[in-house]
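Dear colleague,

Please find the structure below, handed over for your review.

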Amino acid sequence: MITLTNKQNLPEAIVKACLVDNHVTRGDISVTQLIDAPQIRHLKRTNDFEEDVMGRMYALMGTAIHTVLELSEPELAEARKITEVYKILSKNGGSQKALDYLNKFIEESYPTFKDPDVLLEKTISIDVDGMTLSGTMDKFTKSTGVLEDYKNCSTYAFINEESKKKWYAQQNIYAYMLRQNGYTVNKSQVVAIFRDFSAAKQLQSKDYPKHQVAMIEIELYDDAFMKTYLSERVRLHRMAEDGNVPECNGKERWATNDKFAMMNKGGKRAIRVLNSKAEAEEWRRTEAYKYDNLYEVKRPGENKRCEKFCGVKDVCPQFKRIMKEASENTTTEFD
């Protein structure tokens, strides 16, 4: 179970907003969980842990973006709210007269609601090898077959190819699920809204986004590829459920490699920094004779997600082992 903390004493309004969770998960696993590391889902399901409200700020900003998206189709948003009232009344013994009135009001005021061309935050489910997978897509237009996802993200997510791979996986799963439910998907795109966009940085790098909003077309994969991919992801999550938990790989940890700094006693800066142990050994073989008091310092690589963005790091045996190894002596002297 998760306990939400407020260590920075943020205003109560923000705390309450962060407690609202409109994500719908039907069945066994969501699309977001499926494409993520099985170990993270396993630890969340089997441990009590804390999460500070400060860590939910990006998710809260993402929710704000989706609220704006709803404003683009005001009639659908209004009709959906009224329909929720209808459902609540139905479940709690509301009078038939009131229910009939609401039903008639929806039909007359929002004639396209029952079969809209635009699906906003539509949740659908499919079966994958006996596991029920559910997902809520941002926007799908039936007449054009265009699937859209809106991301409130960092510019790093745009620049780093590994970060974008999750976008491709998520959108292709949604497209596959839509096809399995009888829809035709012709195109998929991510609308990325960069929360840290800088016009100055845009001038300094060709890889940096050109504008604060970018539309990124996602290549669609065929059904055969997606069936294989989904089966493999389900297999890994089932392994974790059975107690054989796969550890998070380097990509899932956002890991960087160890570095090896060559230092000379008395010097404040490294003479050379190498990217691998093999490179460090080769450098010593050819260059060490130039220095009298050479020693090597291993600079452990970072696991950025584990250290800064993972809510279950405190109950993760892999992260504890990584931190223990990083704290051990990493200095080697040479004769």
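**Aromatic pairs and their surroundings**

Tyrosine 183 is partly exposed, with a relative accessible area of 23%; buried means under 20% relative accessible area, exposed over 50%, and partly exposed in between (1.4 Å probe, protein chains only). Please note that this is a predicted model, in which local features need pLDDT of at least 70 and side-chain atom pairs count only at pLDDT 80 or more, while totals for chains, interfaces and linings use all residues. Residues are numbered from 1 along each chain as its sequence is written, and side-chain values use heavy atoms, with hydrogens and water left out.

The structure holds 6 aromatic pairs. Rings of Phe, Tyr and Trp (its six-membered ring) pair if their centres lie within 6.5 Å; planes under 30 degrees apart count as stacked, over 60 as edge-to-face and the rest as tilted. One of the pairs joins phenylalanine 140 and tyrosine 183 edge-to-face, at 5.7 Å centre to centre and 75 degrees between the planes. Because phenylalanine 140 lies in strand S5 (residues 131–141) and tyrosine 183 in the loop between helix H8 (161–180) and strand S7 (187–194), this pair ties together parts 43 residues apart in sequence. Helices (H or I, at least four residues) and strands (E, at least two) are DSSP runs, numbered from the N terminus. Phenylalanine 140 counts as buried, at 1% relative accessibility.

Phenylalanine 158 and phenylalanine 194 also form an edge-to-face pair, since their ring centres are 5.5 Å apart and their planes at 75 degrees. Phenylalanine 158 belongs to helix H7 (residues 155–159) and phenylalanine 194 to strand S7, so the pair ties together parts 36 residues apart in sequence. Both phenylalanine 158 and phenylalanine 194 are buried.

Isoleucine 173 touches (heavy atoms within 4.5 Å) Val31, Leu34, Ile35, Leu133, Met226, Tyr229 and Leu230, not counting residues up to four places away in sequence.

**Lysine 151**

Lysine 151 is found in strand S6 (residues 146–153) and counts as buried at 16% relative accessibility. Its contacts include Trp167, Gln170 and Val190.

Yours sincerely
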